[in-house]
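The following note sets out numbered points for a colleague who wishes to read the fold beside the coordinates. Please keep the structure open while going through them.

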Amino acid sequence: MTTVTLLHPGAMGAEVGAQAHRAGTRVLHVPTGRGSASVERARKAGLEAAESLGSALAVSDLVLSICPPHAAEDVAREVLEHAFTGVYVEANAISPDRALRIDAVCRERGVVMVDGSIIGAPPGPDSAPRLYLSGDQEAVGRVAAVFEGTAVLARPLDAGVGAASALKMAFASFQKSARVLGPVRRTMPQTRGLARTSAFTRHRPFPAT
């Protein structure tokens, strides 16, 4: 059985961990220092509480980092302070440059990093997010296997570290543009109508009464 340490069981992380658990993976989390809401989410997701980060990492094949993006590098450093030699999955919405920095630190410690990006809402009955993965292809395959047959659709990319993060950034930029242009597009028919009316009244004024 593959064992994964999930850092941390937030709204997305807990549901992703639940999918892996239901597929037969042992998923650990570390309740120490976490809030009651996180602990309760982990319990509902079927995750197994570990006594400490060190004890979890000692028996884990993979680490799955799903945390607030600003904390991604701190979380990685915390993991690398322990004797972990498995695969570190950096699945946060960070820039390719930050992904490469984390990868460099992982390499120094003999850890293989997989660059991941989650696109979509947390997995559930009506949601199946895509988990894009890039980096060492053997490691990518191991991560993808954890989610086989689940509502997390693992999508390996034939590219190195940074590619999955770049894809996430591109998608985020597209979403922002769509949100800005959506209202504009909806008003265009009205705008075109006003333009036609203005042109008509300029060239064919109404008769005087």
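**Note on the predicted model**

1. Ser 165 has its place in helix α7 (residues 163-203). Helices (H or I, at least four residues) and strands (E, at least two) are DSSP runs, numbered from the N terminus. With a relative accessibility of 1%, Ser 165 counts as buried; buried means under 20% relative accessible area, exposed over 50%, and partly exposed in between (1.4 Å probe, protein chains only). Leaving aside residues up to four places away in sequence, Ser 165 touches Ile 94, Ser 95, Pro 96, Ala 99 and Asp 115, where contact means heavy atoms within 4.5 Å. Between Ser 165 and Pro 96 there are 69 residues of sequence separation, yet their C-alpha atoms are 5.2 Å apart.

2. On the basis of the description: this is a predicted model, in which local features need pLDDT of at least 70 and side-chain atom pairs count only at pLDDT 80 or more, while totals for chains, interfaces and linings use all residues. Residues are numbered from 1 along each chain as its sequence is written, and side-chain values use heavy atoms, with hydrogens and water left out.

3. The chain contains seven helices and eight strands. Of its 209 residues, 42% count as buried. Among contacts with a separation of 6 or more, 65% are between residues 24 or more positions apart.

4. Two strands pair if DSSP finds at least two bridges between them. Strand β2 (residues 26-29) pairs with β3 in the parallel sense over two bridges, and Leu 28 has Glu 48 as its bridge partner in β3.

5. Strand β4 (residues 62-65) is covered on both faces: Leu 62 and Leu 64 are buried on one side, and Val 63 and Ser 65 are buried on the other. In a regular strand, side chains alternate between the two faces of the sheet. β4 pairs with β1 in the parallel sense over four bridges, with Leu 62 as the bridge partner of Val 4. Four bridges also join β4 to strand β5 (residues 87-90), and these two run parallel; Val 89 in β5 is the bridge partner of Leu 64. From β4 the chain crosses through helix α4 (residues 72-80) to β5, and this β-α-β crossover is right-handed, that is, with the strands pointing away from the viewer, the path from the first strand over the helix to the second runs clockwise.

6. Helix α5 (residues 96-108) has 13 residues and reaches 19 Å from its first C-alpha to its last, close to the 18 Å expected at 1.5 Å a residue; the expected span is 1.5 Å times one less than the number of residues. Which residues of α5 are buried? They are Arg 98, Ala 99, Ile 102, Asp 103 and Cys 106. Seen down the axis of α5, these buried residues fall within an arc of 140°, so they line one face of the helix; the arc is that of the directions from the helix axis to the C-beta atoms. Asp 97, Arg 107 and Glu 108, on the other side of α5, are exposed. Just after α5, Gly 110 takes a positive phi of about 75°.

7. Arg 98 in helix α5 deserves a separate entry. Its relative accessibility is 17%, so Arg 98 counts as buried. Not counting residues up to four places away in sequence, Arg 98 touches Pro 69, His 70, Ala 72 and Glu 73.

8. The peptide bond from Leu 7 to His 8 is cis, with omega near 5°. His 8 is found in the loop between β1 (3-7) and α1 (11-22). Several residues of α1 are buried, including Met 12, Val 16 and Gln 19. The buried residues of α1 pack against β1, β2, α2 (36-45), β4, β6 (112-119) and α6 (137-146). Gly 24 follows α1 and has a positive phi, near 105°.
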